[in-house]
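Look over the sequence and the model below before reading on.

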Amino acid sequence: MSLSEYSQITAVLGPTNTGKTHLAIERMLGYASGMIGFPLRLLARENYDRIVRLKGPAHVALITGEERIIPLHPRWYVCTVEAMPLQRSVEFLAIDEIQLAADPDRGHVFTDRLLHARGRSETMFLGAETMKPLIRQLIPDVEIITRPRLSQLTYSGPRKLTRLPRRSAVVAFSAQDVYSIAELIRRTRGGTAVVLGALSPRTRNAQVAMFQAGEVEHLVATDAIGMGLNMDIDHVAFAALRKFDGRAPRDLSAAEVAQIGGRAGRHLNDGTFGTTGDVGGIDADIIEQVESHQFPPLQGIFWRNRDLRFTSIEALLGSLGKAPQTPGLIRTRPADDQLVLEALAREPDIAQSARGLGQLKLLWEVCQIPDFRKVQPETHARLLGQIFRHLASHGRRLPTDWLAGHLAGLDRADGDMHALMDRIASIRIWTYVSQRADWILDAAHWQERTRAIEDMLSDALHDRLTQRFVDVRTSVLAKSLKQGGPLLAAISGNDSVSVEGQYLGRLDGLTFVPDASDSHSGNRAVLNAASKALRGEISRRIGILRQDGLDAFTLADDGEILWRGSVVARLVPGPTPLRPQIEVPADDLLDSDNRTLVRRHLEGWLKEQLARTLKPLIEPWPERLSGPARGMLYQLAEAFGALPVTQVHAQSSSLSKSDRDLLAHLGVKIGAEMVFAPRLYKPAAQHLSGILWCVARGTPVPAVQPNGRVTLPVGTVLPPELAKVWGYRAIGDRWVRLDALETVIAAIRQRNRDKATTLGNAELGQLLSPLGLPAAMAPAVFATLGYQLDKADDGTWTYAPAVRQRTERPRRGPPPPPRPPAPVTEAETPFAVLRSLIPPPAPPPAPARKRHRPRKAKPEPQES
């Protein structure tokens, strides 16, 4: 049938986002019958569902390599280009993305449809404007309609991945790059959808639906999105400007940049394209071509001979390699089916079986099973060789048990996403085989079985991708925050916080603690949602805190202040150890006013706690105290409650009876050697003073606490300064509490006054009983107190003051007047000393002596 027998051939050409597909479907539905071929199974299914909604399932057929839905009397056929049943005559026929005729792998199929697929009344080719010269050359009477892009596509330059705008798609050209970029976006932005060519249509649709619904704001994909995916994308960022085309890496052409970047913008919404920060800018010539939609026309398209010779394998291969005779057509490189045929032809048994027209056509049909696994031709050929052998030796039927065994190995959803992708690729081969009803028994059963396995694997793969690249909780919260309405927050009895049904973390007092499983990427959305939903609860808790009494607060060993068991503040060093400052941690849920309220309330609690527990050391003291008594208390507070008597001798000697009574009432005791406060050695006071001392010095509180014990056991390691704060003194290898030691000192002095310096064993034990030390440590105790203890032959003990260096005791009363200085002699004055250091001046030089000349005698006057 010649071209003149067809009423109309139209080519609708233009950039992406021109509505060409919608135009073709509208024209097809205006005819009694029609057929349209799409480049992707995904696109075919999408448009099939659309037409079914308009015309009903009884009138629409879907035919792809892996799926066939054919009602009893279909009027319109939606197909992939390779699966189009061209033997059926229809009124209208259309081919989408006709510029794929220039693709090295699939181009010969589109070229064949361009040259030979026709509708009885109208034929329409949809594609890029770069095909215009070749279409006009190959089909002279074609009508070409140019469709402008409905929105503007503008270059916006490089941007960092972490600063991409919302509704952005990042395009990479390897699965590894897609995964690494998706991981980064998940950490920084909460999640992303992922689209690769290896995904099944069901998985790809689920990922796209997640992006379209706003659950994620970014999409990372290969150039698979450059065709057939219509999404609400505002910006396309190229993560690379080179790709591997199956043979070698090469730069992207301007048309490819436009095809992929054209996904940005939809209908009348403008879009932008650019690169990621590490790629750099795009060449100015390419930018100009993309923005103006002006590209160099294609010089040729790929072609393969359709008139095949089935007399022998050699003849078939020879006809496949025939060169075109028409200008503009380029012989395609060997496709996958041809490579598989060449591999199987080298198998002796297959070459022997493939004799005769029927067997050779069967072999060619087996070779055309697509390689969804994308393995080496020899690997794919081994599987297809098994299929051909079974078909050739079992009456052109595949053994049921053999087929069931292959499917059983794929019917499992365990493993990571890579294992699931491999299984999906394998099951797609068997889905394709199941569509050949003449190859298997009960084809409907196996079609349903393979479809169920593919759907199960696709759903599992979608879950794996979502778990790895999407923080679902962050996505839900980001979507709720974007809508701007009130967030539904719930706080359970154990302070768990949920917002919009998503567990975020828990409230620890006044601080929100995010869930430990949160990644850094999700923290921003989680904190924003928590801040918006929990402000009312925080205000309510602050009100309760300000009404609680002292028992609701405790001070931890590390200086943290706990309210009802939760940290609300911490002590930090202040002007003095007994005057620490309170720091309320900064938190997004606590503004400055609320932090001030909490800090002031805690300052009042701390002041009352110190005054109650460390009473002798904390002001205010009684007003009746004299100056010396106040001076003693100041020094006692600086020393944390223990001073040598000699250090405050001047003040203590000036105390009146009233001062001593008031000091005793405060709990201050002036002992034999120390001035101290026994109440400070109770467990609560020791614990508090140790915390204050460690906070002031920035050191941790020791794990071993004295808890008021008189003697700490051997091996208790305490910093010497902290031991003094707690009221302990080292005796040998033990720590002994100061008040007990003062009791022993007083008993020894009483014995000295009674001149009882001899002790029996019982008396010695009774003397040391306040210390709780064994008798073996008696010499060490007496030595610490300045005595030497000796044991006599009869078993008694005697002690005497140890010989020690004499120290001048402070005098009572006013100091004696100073002695007058001794008179200074003339030789001891400073001026005399200075004169002795100055060397004497050199004597002046002697004057030169004049030569003596005898004077001439004057003549005597003569007498006149």
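How many aromatic pairs does the count come to? The count comes to 10 aromatic pairs, where rings of Phe, Tyr and Trp (its six-membered ring) pair if their centres lie within 6.5 Å. This is a predicted model, in which local features need pLDDT of at least 70 and side-chain atom pairs count only at pLDDT 80 or more, while totals for chains, interfaces and linings use all residues. Residues are numbered from 1 along each chain as its sequence is written, and side-chain values use heavy atoms, with hydrogens and water left out.

A pair of aromatic rings is described by the distance of the centres and the angle of the planes. Planes under 30 degrees apart count as stacked, over 60 as edge-to-face and the rest as tilted. One of the pairs is Trp621 with Tyr634, edge-to-face at 5.0 Å centre to centre with 85° between the planes. Trp621 lies in the loop between α19 (592-613) and α20 (627-638), and Tyr634 in helix α20, 13 residues apart. Helices are DSSP runs (H or I, at least four residues), as are strands (E, at least two), numbered from the N terminus. Trp621 is buried, at a relative accessible area of 6%, whereas Tyr634 is partly exposed at 41%. Here buried means under 20% relative accessible area, exposed over 50% and partly exposed in between (1.4 Å probe, protein chains only).

Tyr787 and Tyr799 are edge-to-face because their planes stand at 85°, with ring centres 5.5 Å apart. Tyr787 is in strand β34 (residues 787-791) and Tyr799 in strand β35 (residues 797-801), 12 residues apart. Both Tyr787 and Tyr799 are buried. Together with Phe782, Tyr787 and Tyr799 form one aromatic cluster.

Now turn to two helices. The axes (lines fitted to C-alpha atoms over the stretch in contact, with angles from 0 to 180 degrees between N-to-C directions) of α13 (residues 377-393) and α15 (residues 417-434) come within 13 Å and cross at roughly 30°. In α13, His380, Leu383 and Ile387 meet Ile429, Trp430 and Val433 of α15, contact meaning heavy atoms within 4.5 Å.

Helix α15 also holds Arg428. Is Arg428 buried or exposed? Arg428 is buried because its relative accessible area is 12%. Leaving aside neighbours within four places in sequence, Arg428 is in contact with Arg41, Glu66, Leu199, Phe372 and Glu454.

Last come the cysteines. The count of disulfides (cysteine sulfur atoms within 2.5 Å) is zero. Cys79 is buried at 0% relative accessible area, and Cys694 is buried at 3%.
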